[in-house]
Amino acid sequence: MNINLRPVFCGLDPYTGTYRRDLDGDYHCSREEINSMYADANLASPVDGRILKNYSKEDLDGESIKQYRRLFESANPDHVWISLPEDEFLEKINVFRTDRKTGEKGLTYAGLLMFGTYSAIMDENPNFFPDYQEIENPKDRWINRIYPDGNWESNLFQFYRRILPILQGFLPKPFRLEGNQRINDTPAHVAVREALTNLCIHADHTENATLNVYKYPNKIVFSNPGTMLISPAQYYKGGESICRNKYLQTMFMFLGSSEKAGSGTDKILHGWEKQNWKKPYIMERNRPNKVVLTMPLESLMDGHVIEALNLQFGKKMEGLSRQQLTVLALAYSEEEITNERLQHVLDMHRADITTMLSDMCAQQLLESYGYGRGTKYHVYGINIGVPRSNMALNMDTSEGNMDSSSANMALNMDTSGANMDSSLANMESKGEKRALPKKYSKELLRELIVAFCKEWRTADEIATQISRDTKYIKNFVLPQMADVLEKMYENIPHHPRQKYRARQKEE
């Protein structure tokens, strides 16, 4: 839909008649979402060009301005603005501007976001929070983090300046000469620079959400508040761009970090293609609104991926088409996939992908959960790397016995009135699958699960251990145990490799 026609609503009042569709259905838009739609629709008056009242140059960080001017001069050595006095220079790049209709002159919102002191930015937008986290293991905390901690002026320019070299430092730097000069700025480095720039200039800086960059061992994730102003199809096609913050875009453009020709996506995709890495992909999330760009740092057909799939499926792999093999490899390395994700990897229509995914589920190559467009798929029988055949047993293989805390859990419980089978403890100590009664109390069920989850356990393992259906355990029991169980992937509730563990008591 054309951006300047939003919002579309039922009835006479947009604040009561505007709805939005997500994977779970239609939901009523909040006042904040509707106001954002109105702001995005006014392309002639970008939000970041708004002149702020009661703000002045005193609210800007002088060191940020000096550093920006040095980078500006390096990127534009012959530019006529280089010799301008500081105040005139700031007017040229629209840190300060004059409203031609009202004659009002002052600091723009873009200027504050780009160069402001953090306290001044917070006065205008308390939700502003740029955050970088380097994470080695999803179940652990970050090992490096850059966020507004009071040790630096946390404006957009300083965030960009600090994060870019860190991200580019993770990329390979092949030796390359142009003339007699060594060139380290590879297409992959350009791709990361464009992605970080897009994070800053396309974000809705009025949304109640943070600006996030996550670096994992196998991917970089950029997450900015707001919605996409073009369709995903237009994004991947490239050459077309609608920028929410045109003044910020200009400021970054003078650093050589942004173009108005809509070529940023092309550079991102090209840079990753040159490295033979999996194609970057973009997704929208709602409540709060987020646009998430994921840039994988691994090849689709890595040797360890193919080896793992061969171990899992054996001869089944021999008869797979190139498309099916691609789907399996992607599902294994990314842990879950969707039809929409595959549309940007395979040269196939949505309906054909749906048919293929259905066939692969029937062949027990994939498993699905969810419904409609929200359906997600993961590799059949793989859950945290534990094959289904081994899920009933979680033994110390060096001794051949189960962990003592699990082996004796039934003996440590008050089983009066629970009608538990008398051979339960003996069966468990032998590593045999448990045969529990068909009915027992909710309290005992919780105790059994908590006792079993002294270590990280999957829903499949829990269901097998207490002889109950996995879907029942996953959909009805575990959601009611958040008070006593923690999730390995707390921020991804439906992660296909989710695990659960009893919450540790504070000493």
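**Exercise 1. Does tyrosine 147 count as buried, partly exposed or exposed, and at what relative accessibility?**

Solution. The structure is a predicted model, in which local features need pLDDT of at least 70 and side-chain atom pairs count only at pLDDT 80 or more, while totals for chains, interfaces and linings use all residues. Residues are numbered from 1 along each chain as its sequence is written, and side-chain values use heavy atoms, with hydrogens and water left out.

Step 1. The classes are set by relative accessible area, with buried meaning under 20%, exposed over 50%, and partly exposed in between (1.4 Å probe, protein chains only).

Step 2. Tyrosine 147 has 25% relative accessibility, so this residue counts as partly exposed.

Step 3. For the protein as a whole, 48% of the 507 residues count as buried.

**Exercise 2. Describe the aromatic pair of tryptophan 81 and phenylalanine 254, and then that of phenylalanine 129 and tyrosine 147.**

Solution. Step 1. Rings of Phe, Tyr and Trp (its six-membered ring) pair if their centres lie within 6.5 Å; planes under 30 degrees apart count as stacked, over 60 as edge-to-face and the rest as tilted. A search of the whole structure finds 13 such aromatic pairs.

Step 1. The ring centres of tryptophan 81 and phenylalanine 254 are 5.2 Å apart and the planes stand at 65°, so this pair is edge-to-face. The pair links distant parts of the chain, 173 residues apart, with tryptophan 81 in the loop between helix 3 (62–75) and helix 4 (86–92) and phenylalanine 254 in the loop between helix 10 (246–253) and helix 11 (264–274). Helices (H or I, at least four residues) and strands (E, at least two) are DSSP runs, numbered from the N terminus. Tryptophan 81 and phenylalanine 254 are both buried.

Step 2. Phenylalanine 129 and tyrosine 147 make a tilted pair, with 6.2 Å from centre to centre and 35° between the planes. Phenylalanine 129 is in the loop between helix 6 (118–124) and strand 5, and tyrosine 147 in the loop between strand 6 (144–146) and helix 7 (156–169), so the pair ties together parts that are 18 residues apart in sequence. Phenylalanine 129, at 25% relative accessibility, counts as partly exposed.

Step 3. Ring pairs also link a cluster that consists of Tyr68, Phe72, Trp81, Phe89, Phe115, Phe157 and Phe254.

**Exercise 3. Where do glutamate 334 and lysine 278 lie, and which network of salt bridges includes them?**

Solution. Step 1. A search of the whole structure finds 15 salt bridges. In one of them, glutamate 334 joins lysine 278, the closest N and O atoms being 3.8 Å apart.

Step 1. Glutamate 334 belongs to helix 13 (residues 322–334) and lysine 278 to the loop between helix 11 and strand 11 (281–285), so the pair ties together parts that are 56 residues apart in sequence.

Step 2. Both glutamate 334 and lysine 278 are buried, and a network of salt bridges links Lys278, Glu298, Glu334 and Arg341.

**Exercise 4. Which residues touch the most other members of the largest nonpolar core?**

Solution. Step 1. A nonpolar core is a set of buried Ala, Val, Leu, Ile, Met, Phe, Trp, Tyr and Cys residues joined through side-chain atoms within 4.5 Å.

Step 1. The largest nonpolar core has 65 residues, of which Tyr68, Phe115 and Phe222 touch the most other members. Helix 8 (residues 187–201) gives the most to this core, with eight residues.

Step 2. Apart from this core lies another, of 23 residues, among them Leu300, Leu330, Ile353 and Tyr377.

How values were computed: A salt bridge is a side-chain nitrogen of Lys or Arg within 4 Å of a carboxyl oxygen of Asp or Glu.
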